[in-house]
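The following questions and answers examine a single protein chain.

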Amino acid sequence: MTSPTGRALRLTVYIGEDDTWHHRPLYSEIVHRAHAAGLAGASVFRGVEGFGASSRIHTSRLLSLSEDLPVAVVVVDTEERVRAFLPRIDELVGEGLVTLEECEVVKYTGRGERPDAADPEGKRSL
């Protein structure tokens, strides 16, 4: 395992809130697959306004346009793990945008975790 501080890869999947995979929200399917793959974590962010390849603006400000708001699913882990997960994303995402960005992990700890006595900085492996 690598140190949680240092280089990592951020995978962001931009899709619509109404996108589904076998009658389940697509964003939920991505999160559950990331969890099953043992990735460090995944979060879903709901946008209030946006547009994509269709050039149709989706917004929460107008009731008639408040459907299918933009959603971003973000996963951060080591480059090796994220790249190994990409084929699963390709299988799921028919319409959307998938990006990869190098990033630096500064801190990664779970709720209720205490720093390891052997590591005074409280770091743990992704």
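pLDDT is the predictor's confidence in each residue, on a scale from 0 to 100. The model discussed here is predicted.

Q: In which element of the chain is confidence highest?
A: The chain as a whole has a mean pLDDT of 83, with 75% of its residues at 70 or more. Confidence is lowest in strand E6 (residues 58-59), where the mean is 67. Where pLDDT is low, the predicted coordinates should not be read in detail. The highest confidence, a mean of 98, belongs to H1.

Q: Which elements give two or more residues to the largest nonpolar core?
A: The largest nonpolar core comprises 16 residues, and Leu11, Val13, Ile15, Ile30, Ile89 and Val93 have the most contacts inside it. Two or more residues each come from strand E1 (6-16), helix H1 (26-36), strand E7 (70-77) and helix H2 (79-92).

Q: Which residues does Ile89 touch, not counting those up to four places away in sequence?
A: Ile89 is among the residues with the most contacts inside the largest nonpolar core. Once residues up to four places away in sequence are set aside, the residues that Ile89 touches are Leu11, Val13, Ile30 and Val98.

Q: Is Arg33 buried or exposed?
A: Arg33 is found in helix H1. Beyond its neighbours within four places in sequence, Arg33 is in contact with Trp21, Phe85, Arg88, Glu91 and Leu92. Buried means under 20% relative accessible area. Because its relative accessibility is 17%, Arg33 counts as buried.

Q: Why does Val31 count as partly exposed?
A: Val31 also has a place in helix H1. The partly exposed class lies between the buried limit, under 20%, and the exposed limit, over 50%. Val31 counts as partly exposed because its relative accessibility is 24%.

Q: What is the volume of the largest pocket?
A: The largest pocket is lined by 18 residues, of which Ile15, Phe51, Gly52, Ala53 and Gly96 are the closest to its centre. E1 and E7 each supply at least two residues of this lining. By class, the lining has eight nonpolar, six polar and four charged residues. The volume of the largest pocket is about 510 Å³.

Terms used:
Residues are numbered from 1 along each chain as its sequence is written. This is a predicted model: local features need pLDDT of at least 70, side-chain atom pairs count only at pLDDT 80 or more; totals for chains, interfaces and linings use all residues. Side-chain values use heavy atoms; hydrogens and water are left out. A nonpolar core is a set of buried Ala, Val, Leu, Ile, Met, Phe, Trp, Tyr and Cys residues joined through side-chain atoms within 4.5 Å. Buried means under 20% relative accessible area, exposed over 50%, partly exposed in between (1.4 Å probe, protein chains only). Helices (H or I, at least four residues) and strands (E, at least two) are DSSP runs, numbered from the N terminus. Contact means heavy atoms within 4.5 Å. On a 1 Å grid over the protein atoms alone, a cavity is a set of points where a 1.4 Å probe fits but cannot get out, and a pocket is an open set with protein on both sides within 12 Å along at least five of seven lines; lining residues have an atom within 4 Å of a point. Grid points are joined across faces, edges and corners, and a volume is the space filled by probe spheres set on the points. Ala, Val, Leu, Ile, Met, Phe, Trp, Tyr, Cys and Pro count as nonpolar, Asp, Glu, Lys and Arg as charged, and the others, Gly among them, as polar.
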